[in-house]
Amino acid sequence: MTFAIHGLPVARGVAIGRAVLVASSRLDVAHTFIRPDQVDSEIARLSAAREAVTEELQRLMATLPKDAPGELAGVLEVHLLLLQDPTIRADVRRWVTERLYNAEWALTSQLEVLGRQFDQMEDDYLRERKADVEQVVERVLRHLKGAALPVVAAAAAPRVPRQHDLALEDTLDVPLVLVAHDLSPADMLQFKQSVYAGFVTDVGGKTSHTAIVARSMDIPAVVGARSASQLVRQDDWVIIDGDAGVMIVDPSPIILAEYGFKQRQGELERGRLARLKNTPAVTLDGVKIELLANIEEPADTVAALAAGAVGVGLFRSEFLFMGRHGKLPDEEEQYAAYRAAVEGMHGLPVTIRTVDVGADKPLDDSRHDAAHLNPALGRRAIRWCLAEPAMFLTQLRAILRAAAHGKVMILIPMLAHVSEIRQTLELVDKAREQLDQRGAVHGPVQLGAMIEVPAAALSVRLFLRYFDYLSIGTNDLIQYTLAIDRADESVADLYDQLHPAVLHLVADTIAEGARQAKPVAVCGEMAGDPGMTRLLLGLGLRSFSMHPSQILQVKQEVLRADVGKLTEWAQAVLASDEPGALLEV
Ligand code: PEP
Ligand code: MG
């Protein structure tokens with residue numbers, strides 16, 4: 001039966017494929033396709049791991065101390081029975097033989113199916129056996145980890161013919177859509193080169209960092225879909241409509257045909273936009289506009305250049321620091337990454353934002369403790385850097401060294417206090433001195449501040465006394481101005497980029513920069529929203545930084561705009577009680 005699940009639109013486009021349900025705790029399991037000729041060896045890996053666990057459990061049982069609680073032996077027996085269960089074994093193998101999933105993926109896929117069956121059991125005792133299945137699977141996974149992985153990389157997955165009953169019989173490859181309760185930004189990054197054609201998560205707001213990474217991957221995604229991961233079953237056919245923020249489960253042939261058409265239209269539109277790549281971003285009345293790229297890792301410079309970006313306006317360096325189990329990247333590793341980004345842009349400027357962890361970007365999931373009740377208001381971004389000066393100095397040295405290879409700008413997030421500004425500038429000087437002392441080569445940098453806390457927006461003049469340029473982080477500026485957690489889907493309807501207070505802070509920052517002839521950019525999601533381009537141009541913005549996938553759409557708006565005519569209209573929008581109403585006309 002067809003049904004729809006509504007969430008928040010994150011990344012445009014349509015994806016049609018099979019649902020892959022993944023519990024966030026198992027995201028670090030390798031998801032790769034194997035070649036048909038690897039089926040036997042993959043099944044052999046599974047059998048070997050299963051036998052190893054069987055032996056392990058038998059050993060445990062044999063050596064149980066006499067005073068061990070009686071239930072313990074019972075639990076081990078249940079685990080052994082689960083391991084030997086012929087139906088479970090056959091079902092796991094089927095994922096390998098029919099879908100060409102690697103062993104780990106096959107195992108976790110079947111675990112999701114079994115978990116669902118256990119959840120539906122009436123009997124409390126039986127329902128609780130789900131934990132046993134999970135423990136057994138964890139053990140087998142641990143053994144598989146030690147064994148060699150299949151050689152076919154996810155990105156080079158073969159085209160796999162599959163059986164199904166819908167209107168796609170002719171299709172040789174069926175895309176896969178990831179459905180999860182939650183994905184951390186680090187998980188998302190890990191999936192950047194993966195097999196998935198789309199994502200749906202139960203939680204998350206439109207500008208949560210998970211959503212931001214999904215957008216940077218330029219594949220259809222929906223977040224905040226509440227109970228999607230409960231309602232969808234493993235392997236269900238689903239459609240993701242990333243423009244409307246909807247997932248359609250088990251679509252009828254008519255709906256499939258409709259979305260197939262929409263998908264093709266989207267591809268045609270992309271093809272048309274691609275022709276704008278080398279067109280300079282200049283308005284009808286001749287105003288030159290700078291369109292820059294937001295990136296998460298050096299490899300993203302390829303997409304930035306392909307989209308015609310004239311530089312990187314925001315390199316979110318924190319992605320180098322996340323998911324490393326406490327071992328932060330040292331100066332050499334960071335230097336190599338920043339240098340790769342600088343060289344990747346072939347002489348175009350690269351803005352490296354100093355590490356911004358905290359809030360919804362924990363360094364490590366395991367370190368993400370709920371003890372901090374309001375992590376977005378806690379020790380994040382520059383606050384964390386100033387509290388860990390050795391770590392911060394390491395990063396600053398690495399950036400200054402990378403600046404010897406091209407034009408680099410440093411961008412500091414979350415500043416609010418003049419004391420933070422002074423400490424930051426002192427540390428930049430100190431990093432330079434340290435490099436001089438050891439005779440290391442470094443280059444000149446421009447220093448900029450993010451305006452993303454209302455306190456900063458209200459003291460722009462002070463900020464401009466210290467910095468060469470500013471960049472408005474609208475994602476946080478909206479969050480902190482409206483007191484809306486950007487990652488919380490339950491208040492997503494109140495997250496309003498057109499709230500008059502937000503627009504005034506943005507407009508005043510742009511105007512003050514213009515008065516002092518210092519560059520001001522916007523690097524929050526607002527800059528990549530083509531519905532906001534005209535307003536921002538009318539408010540005087542000349543520098544926009546966004547995901548590479550958004551650049552051509554925004555460029556199209558720029559090419560159609562007449563700034564002379566937009567200025568007065570933008571002031572009317574600013575003066576309105578309901579700016580959104582004026583924007584729609
Ligand atoms: C912002 O807050 O707008 C911004 C660009 O930074 P981030 O989204 O990484 O917090
Ligand atoms: Mg921010």
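Biologist: Why is Asp236 called buried?

Modeller: Asp236 has a relative accessible area of 11%. Buried means under 20% relative accessible area, exposed means over 50%, and partly exposed is in between, with a 1.4 Å probe and protein chains only. Asp236 is therefore classed as buried. On the source: this is a predicted model in which local features need pLDDT of at least 70 and side-chain atom pairs count only at pLDDT 80 or more, while totals for chains, interfaces and linings use all residues. Residues are numbered from 1 along each chain as its sequence is written, chains are lettered from A and ligands numbered from 1 in the order in which they are written, and side-chain values use heavy atoms, with hydrogens and water left out.

Biologist: Where is Asp236 placed, and what does Asp236 touch?

Modeller: Asp236 is in the loop between helix 9 (228–231) and strand 7 (237–241). Helices (H or I, at least four residues) and strands (E, at least two) are DSSP runs, numbered from the N terminus. Setting aside residues up to four places away in sequence, Asp236 touches Gly17, Arg18, Ala19 and Val249; contact means heavy atoms within 4.5 Å.

Biologist: What makes helix 14 mostly covered?

Modeller: Twelve of the 14 residues of helix 14 are buried. Among the elements that cover these buried residues are helix 12 (331–344), helix 15 (418–437) and strand 13.

Biologist: How do you know what span to expect for helix 14?

Modeller: The expected span of a helix is 1.5 Å times one less than its number of residues. Helix 14 has 14 residues and reaches 20 Å from its first C-alpha to its last, close to the 20 Å expected.

Biologist: What makes a set of residues a nonpolar core?

Modeller: A nonpolar core is a set of buried Ala, Val, Leu, Ile, Met, Phe, Trp, Tyr and Cys residues joined through side-chain atoms within 4.5 Å. The largest one here has 158 residues, and Tyr196, Phe199 and Leu535 have the most contacts inside it. Helix 14 (residues 389–402) gives the most to this core, with eight residues. Another core, of 15 residues, lies apart from it and includes Val200 and Val238.

Biologist: Which residues coordinate the magnesium ion (ligand 2), and why is the pair said to tie together separate parts?

Modeller: Glu452 (OE) and Asp476 (OD) coordinate the ion at 2.0 to 2.2 Å. Donors are N, O and S atoms within 2.8 Å of the metal (3.2 Å for Na, K and Ca); water is not among the atoms, so sites may look incomplete. Glu452 lies in the loop between strand 13 (445–451) and helix 16 (454–457), and Asp476 in helix 18 (residues 474–482), so the pair ties together parts that are 24 residues apart in sequence. Both Glu452 and Asp476 are buried.
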